[in-house]
Amino acid sequence: MSLIRLVIRGISYSHSQNGAYALILGEVNGTLKIPIVIGAFEAQSIAIALEHDLKSPRPLTHDLFKSMADQYSIRVKQIFIHKLEDGIFYSNIITEQNGQEVILDARTSDAVAIAVRFNAPIFVFKDILDKAGVNLSVVEDAKQATEQSLEEVIENFLSADDSDFTNEFAKYSKENLTQMLESAVLDEDYERAARIRDELRKRDF
């Protein structure tokens with residue numbers, strides 16, 4: 001059974017459903033994307049691992065896993081999503097130590113958080129991608145899309161209204177945003193910190 005490589009396309013947060021996040025994985029060479037519901041902690045852990053300019057004052061659980069693995073010369077070779085059952089994705093982490101390969105069962109959110117820290121590739125079986133993937137066509141020349149946009153898919157997926165998400169920080173000054181960014185990092189709310197940082201970067205262009 002063939003494997004398709006995936007990359008992280010983003011993380012979406014729902015304001016109407018407390019603690020509801022969607023991790024968006026997409027094909028490296030394709031248009032299919034898979035939204036996966038994950039918890040707030042896992043969303044923050046993935047966000048801080050992706051954003052190298054955000055540093056946690058204390059090591060997160062996945063950072064601890066990385067430190068222990070490095071200490072004992074354990075390498076994470078890859079992760080792959082091998083099963084989809086009742087809307088739940090099941091994943092394995094492929095590790096190697098002293099030439100011996102070990103397969104570990106893991107939640108997909110944990111597996112992705114670990115994969116980011118090890119620069120390990122993420123794979124999914126093709127039949128799972130065909131079943132759960134959302135095909136997004138490119139809209140050119142401002143033509144009306146015939147398929148749902150990614151934002152609409154995520155909104156329906158989380159059953160949430162995220163219309164104010166993009167402009168959440170637009171009303172704040174750069175000084176206020178800088179203070180909010182520092183506060184978010186101290187509170188270890190790294191997903192929020194990443195969004196504030198993105199807003200600050202937009203102001204610099």
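Aromatic pairs, charges over rings and a pocket

Author: In this predicted model, the count comes to 2 aromatic pairs.

Reader: What makes Phe-65 and Phe-118 an aromatic pair?

Author: Their ring centres are 6.2 Å apart, and the rule asks for centres within 6.5 Å. Phe-65 and Phe-118 therefore pair.

Reader: Why is the pair of Phe-65 and Phe-118 called edge-to-face?

Author: The angle between the planes is 75°. Planes over 60 degrees apart count as edge-to-face, so the label follows.

Reader: Which helices hold Phe-65 and Phe-118?

Author: Phe-65 is in helix α2 (residues 61-71) and Phe-118 in helix α3. The two are 53 residues apart, and the pair links distant parts of the chain.

Reader: Is Phe-118 buried or exposed, and why is Phe-65 called partly exposed?

Author: Phe-118 has 15% relative accessibility. Buried means under 20%, so Phe-118 counts as buried. Phe-65 has 30%. Partly exposed covers what lies between the 20% limit for buried and the 50% limit for exposed, so Phe-65 counts as partly exposed.

Reader: What makes Phe-80 and Phe-125 the other entry, an edge-to-face pair?

Author: The centres of Phe-80 and Phe-125 lie 5.7 Å apart, with 65° between the planes. The cut-offs are within 6.5 Å for pairing and over 60 degrees for edge-to-face. Both conditions hold, so the pair of Phe-80 and Phe-125 is edge-to-face.

Reader: What does the pair of Phe-80 and Phe-125 tie together?

Author: Phe-80 belongs to strand β4 (residues 75-85) and Phe-125 to strand β7 (residues 122-125), so the pair ties together parts 45 residues apart in sequence.

Reader: How do you know whether Phe-80 and Phe-125 are buried or exposed?

Author: Phe-80 has 13% relative accessibility and Phe-125 has 18%. Buried means under 20%, so Phe-80 counts as buried, and so does Phe-125.

Reader: Which lysine lies over the face of Phe-118, and which over the face of Tyr-90?

Author: Lys-66 lies over the face of Phe-118, at 5.1 Å from the ring centre. Lys-83 lies over the face of Tyr-90, at 4.4 Å from the ring centre. The distance limit is within 6 Å, so Lys-66 meets it, as does Lys-83.

Reader: How much space lies in the second largest pocket, and what lines it?

Author: The second largest pocket holds about 480 Å³. Its lining has 22 residues, and the closest to its centre are Ala-49, Leu-50, His-52, Val-116 and Arg-117. β1 gives the most to this lining, with 4 residues. The lining divides into 13 nonpolar, 3 polar and 6 charged residues.

Definitions and conventions. Residues are numbered from 1 along each chain as its sequence is written. This is a predicted model: local features need pLDDT of at least 70, side-chain atom pairs count only at pLDDT 80 or more; totals for chains, interfaces and linings use all residues. Side-chain values use heavy atoms; hydrogens and water are left out. On a 1 Å grid over the protein atoms alone, a cavity is a set of points where a 1.4 Å probe fits but cannot get out, and a pocket is an open set with protein on both sides within 12 Å along at least five of seven lines; lining residues have an atom within 4 Å of a point. Grid points are joined across faces, edges and corners, and a volume is the space filled by probe spheres set on the points. Ala, Val, Leu, Ile, Met, Phe, Trp, Tyr, Cys and Pro count as nonpolar, Asp, Glu, Lys and Arg as charged, and the others, Gly among them, as polar. Rings of Phe, Tyr and Trp (its six-membered ring) pair if their centres lie within 6.5 Å; planes under 30 degrees apart count as stacked, over 60 as edge-to-face and the rest as tilted. Buried means under 20% relative accessible area, exposed over 50%, partly exposed in between (1.4 Å probe, protein chains only). A charge sits over a ring if NZ of Lys or CZ of Arg is within 6 Å of the ring centre and within 35 degrees of the ring normal.
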